[in-house]
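Dear colleague,

Please find the structure we spoke about just below, followed by an account of what came out of going through it. I would be glad if you read the two side by side.

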Amino acid sequence: MFLLHSAGVLVDDAVVLFSGPSGVGKSTIVAIRPDGRAVFTADQTFVDVRSGAALAHATPVGDYLAEGRPGARARLGAVFFLEQGAEDRIRTLPPATASIRLLENSLFRQPLTREEYDNLLDATVRVGQTVPCYELVFSLHGSCWELIERALRSSRV
Amino acid sequence: VDKDQKLRIGPDVAFRVIDGKAILVNVRSNRMIVLNETGAFLWQRVDGATPQDLEAAFAEVFPDARAAIPDDVERFLLSLVDHDLVRWE
């Protein structure tokens with residue numbers, strides 16, 4: 001299990017995560033979500049894979065705005081890595097790139113031991129291979145949620 | 001570079017190879033490096049190998065690049081040593 005710097009929104013029975021460093025727009029994406037989508041986590045989400053299924057776990061950290069109870073968990077449906085840009089676009093990430101992005105955006109106390117790093121690498125690689133991951137470049141002017149919903153439909157989240 | 005000297009992956013290096021790419025983390029410095037498929041090819045053979053072994057392995061797969069291989073491999077290995085990812089035995 002690892003802690004991903006991410007905000008989560010519930011889409012049907014799955015959690016969709018928006019990940020990236022502070023200031024990239026996680027809160028913005030969540031704030032402009034379509035009606036009826038609940039906030040699962042606001043800033044940090046525990047992620048793991050059990051029996052081949054990836055799960056997202058709500059945390060109490062920085063999540064005073066989230067509607068998901070601390071400790072709540074749900075299937076992890078997709079991860080979007082955010083970048084700000086002039087126009088909205090999206091691309092599917094291959095598993096290797098997804099794993100690298102997961103690793104780059106994981107949060108941990110330092111220094112990790114060798115064993116802890118091995119576990120982190122294993123977990124990020126497993127999630128990168130199991131969960132559809134995307135790069136989402138978004139502007140504040142566009143309708144990025146249309147792209148998000150389209151990607152989710154195509155990956156059947 | 002001594003072409004017959006063996007190299008060893010450093011004790012503080014955690015790594016995984018996925019889809020042909022290698023993700024290397026120096027646990028002590030907390031630095032991550034990602035190798036492309038060519039780099040990953042060499043990385044997967046570096047532990048216990050000499051520069052000469054690696055040049056030969058490389059030349060077998062990329063015979064057309066034979067002339068450029070020694071310099072290329074040397075540069076790559078020195079970079080790995082510089083990042084404390086491998087050490088001379």
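Helices (H or I, at least four residues) and strands (E, at least two) are taken here as DSSP runs, numbered from the N terminus. Please keep in mind that this is a predicted model, in which local features need pLDDT of at least 70 and side-chain atom pairs count only at pLDDT 80 or more, while totals for chains, interfaces and linings use all residues. Residues are numbered from 1 along each chain as its sequence is written, chains are lettered from A and ligands numbered from 1 in the order in which they are written, and side-chain values use heavy atoms, with hydrogens and water left out.

The two chains

With that convention, chain A has four helices and nine strands, and from the N terminus on its elements follow the order β-β-α-β-β-β-β-β-α-β-α-β-α. The radius of gyration of chain A, taken over C-alpha atoms, is 14 Å, close to the 15 Å that the globule rule (2.2 Å times the number of residues to the power 0.38) gives for 157 residues, so chain A is as compact as a globular protein of that length. Its C-alpha trace spans about 45 × 30 × 30 Å along the principal axes. Of the 157 residues of chain A, 55% count as buried, where buried means under 20% relative accessible area, exposed means over 50%, and partly exposed lies in between (1.4 Å probe, protein chains only). If contact is taken as heavy atoms within 4.5 Å, then among the contacts in chain A between residues at least 6 apart in sequence, 68% join residues at least 24 apart.

Chain B comes to three helices and five strands, which run β-β-β-β-α-α-α-β from the N terminus on. The radius of gyration of chain B is 12 Å, close to the 12 Å given by the globule rule for 89 residues, so chain B, too, is as compact as a globular protein of its length. The C-alpha trace of chain B spans about 35 × 30 × 15 Å along its principal axes, and 39% of the 89 residues count as buried. Among contacts in chain B between residues at least 6 apart in sequence, 57% join residues at least 24 apart.

Where the chains meet

The contact between them takes 18 residues from chain A and 14 residues from chain B. The area buried there, meaning the accessible area (1.4 Å probe) that two parts lose on being put together, summed over both, is about 1,400 Å², of which carbon and sulfur atoms give 66%.

Across this interface the rule finds two salt bridges, a salt bridge being a side-chain nitrogen of Lys or Arg within 4 Å of a carboxyl oxygen of Asp or Glu. B:Arg16 takes part in a salt bridge with A:Asp118, with the closest N and O atoms 3.5 Å apart, and this pair crosses from strand β2 (residues 13-18) of chain B to helix α3 of chain A. A:Asp118 counts as buried, at 17% relative accessibility. B:Arg16 also forms a salt bridge with A:Asp122, where the closest N and O atoms are 2.7 Å apart, and A:Asp122 likewise lies in helix α3 of chain A, although it is partly exposed, with a relative accessible area of 29%.

On the side of chain A that touches chain B, the elements that give two or more residues are α2 (95-104) and α3 (114-130) of chain A. Eight of the ten residues of α2(A) are buried, so this helix is largely enclosed by the rest of the structure; among them are A:Ile100, A:Leu102 and A:Leu103.

Other salt bridges

Over all chains, a search of the whole structure finds 16 salt bridges. B:Arg8 is partly exposed, with a relative accessible area of 34%, and B:Asp47 is partly exposed at 43% relative accessibility. Elsewhere, salt bridges that share partners join A:Glu83, A:Arg91, A:Arg101 and A:Glu135 into one network, and A:Arg101 is also one of the buried residues of α2(A).

With best regards
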